[in-house]
Amino acid sequence: IKGLSWKIFDKNKELALLKKPKIDINKYNSGKVLIIAGSKGMTGASILATLGSLRTGAGMTISIIPSSLNNIYESSIIEGITYPLNDNMSGYLKIEHYQAIMEKIGWADCVILGPGLGREQSTMKLIKKLIFSINKPLVLDADGLYQFQNNYAELNKRKSPMIITPHFGELKNLLGIEKHELKNDFSNIMTNFMKSFHHTALVKQIPSCTFHKDNVTINISGNPGLATAGTGDVLSGMIASFISQNMPINKAAEISAFLHGKSADILSNQKGYRGQLASDLLTVIPGLIMRYEQS
């Protein structure tokens, strides 16, 4: 397609980035990820994103959460740090938490914003303010994209690096078009989209595609078993982890998409397609990465 260069993910070339870490590495310089995600009824989004980061090599994570939900997080995120903010038992983060969150940004190498945050008006205000204030690489997903329906150009106001990770439903809302239009004319629509979108986009479909400047990388892994709640949260955690380990944002997306899909392919031989859960991916990802970091 004129204007974009399309290529298939080359695992033999790209996965060389997963070489064994240096022997003197420690938790402070192996990647620090800040996760701003989750709310009452959707704590799993933050937990899965956190574990997705830790299982792909991040040395430390901090999950910013409503204090009323802290017991849930503390019992599920054993290796990660929780940073509870007083929510007066509401179960969600709000604009009043902005300053406390910004005080943690300097610590992070990469930030995840959006999964499971909910759509309370105050939460939406917080998300918008954070997007344009956070000066670290940002993975924006799920509820983080909600208020930019038919208005994705506003995201160009953000100057620091960012990747959005929409599924087809979220993407058609961003573009203000019907889903069938997007499916039927995907390549042309995305060519026009990238002419006016200044960040990176990983579009979650089969196959998933990473759009970065004039280049598109088509993933070669994955199956319908990924069509279950929480898999996108794991993927966001993986991308942020690799970015925090100094991978270029597009490479982090491409490699994460491959490993994420390949893990589902491995699971399909164990659990079929219908039996896969997002948390199952976390049990397969380490062994899959091990194949490449020891080669």
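Modeller: Buried here means under 20% relative accessible area, while exposed means over 50% and partly exposed is in between, using a 1.4 Å probe and protein chains only.

Before we go on, a word on the ground rules. This is a predicted model, where local features need pLDDT of at least 70 and side-chain atom pairs count only at pLDDT 80 or more, while totals for chains, interfaces and linings use all residues. Residues are numbered from 1 along each chain as its sequence is written, and side-chain values use heavy atoms, with hydrogens and water left out. The names come from DSSP runs: helices are H or I with at least four residues, strands are E with at least two, and both are numbered from the N terminus.

So what covers that buried face? Contact, by the way, means heavy atoms within 4.5 Å. α4 lies across β2, β3, β4 and β5, and runs at about 155° to β4. For angles like this one, axes are lines fitted to C-alpha atoms, for helices over the stretch in contact, and the angles run from 0 to 180 degrees between N-to-C directions.

Now for the helix partner. α4 and α5 pack at an angle of about 35°, and their axes are 11 Å apart. On the α4 side you'll find Tyr98, Ile101 and Met102, which meet Leu126, Lys129 and Leu130 in α5. Sort the residues of this contact and you get five nonpolar, no polar and one charged. In that sorting, Ala, Val, Leu, Ile, Met, Phe, Trp, Tyr, Cys and Pro count as nonpolar, Asp, Glu, Lys and Arg as charged, and the others, Gly among them, as polar.

Next, the loops on either side of α4. In the loop between β4 and α4 sits methionine 89, which is exposed, with a relative accessible area of 67%. Its phi is near 65°, a positive value in a residue other than glycine. For background, most residues other than glycine have a negative phi, and most peptide bonds are trans. The loop between α4 and β5 holds alanine 108, and this residue is buried, with a relative accessible area of 1%. Leaving aside its neighbours within four places in sequence, alanine 108 is in contact with Lys32, Leu34 and Lys136.

Now step back to the sheet. Its 10 strands form an open sheet in the order β1-β10-β9-β8-β7-β6-β5-β2-β3-β4, with mixed pairing. Two strands pair if DSSP finds at least two bridges between them. β1 (5-8) and β4 stand at the edges, each with a single partner strand, so one side of each is left without a neighbour in the sheet. On average, neighbouring strands here are turned by 20° against each other, direction ignored.

Elsewhere in the sheet, β6 and β7 run parallel and are joined by three bridges. Leucine 138 stands opposite methionine 162 in β7. Serine 160 lies in the loop between β6 (138-140) and β7 (162-164), and it is buried, with a relative accessible area of 17%. Apart from its neighbours within four places in sequence, serine 160 is in contact with Ile134, Asn135, Lys136 and His199.

For comparison, look at another helix, α6 (residues 168-175). Six of its eight residues are buried, so α6 is largely enclosed by the rest of the structure. What covers those buried residues includes β7, α7 (179-184), α8 (186-196) and β8 (200-203).
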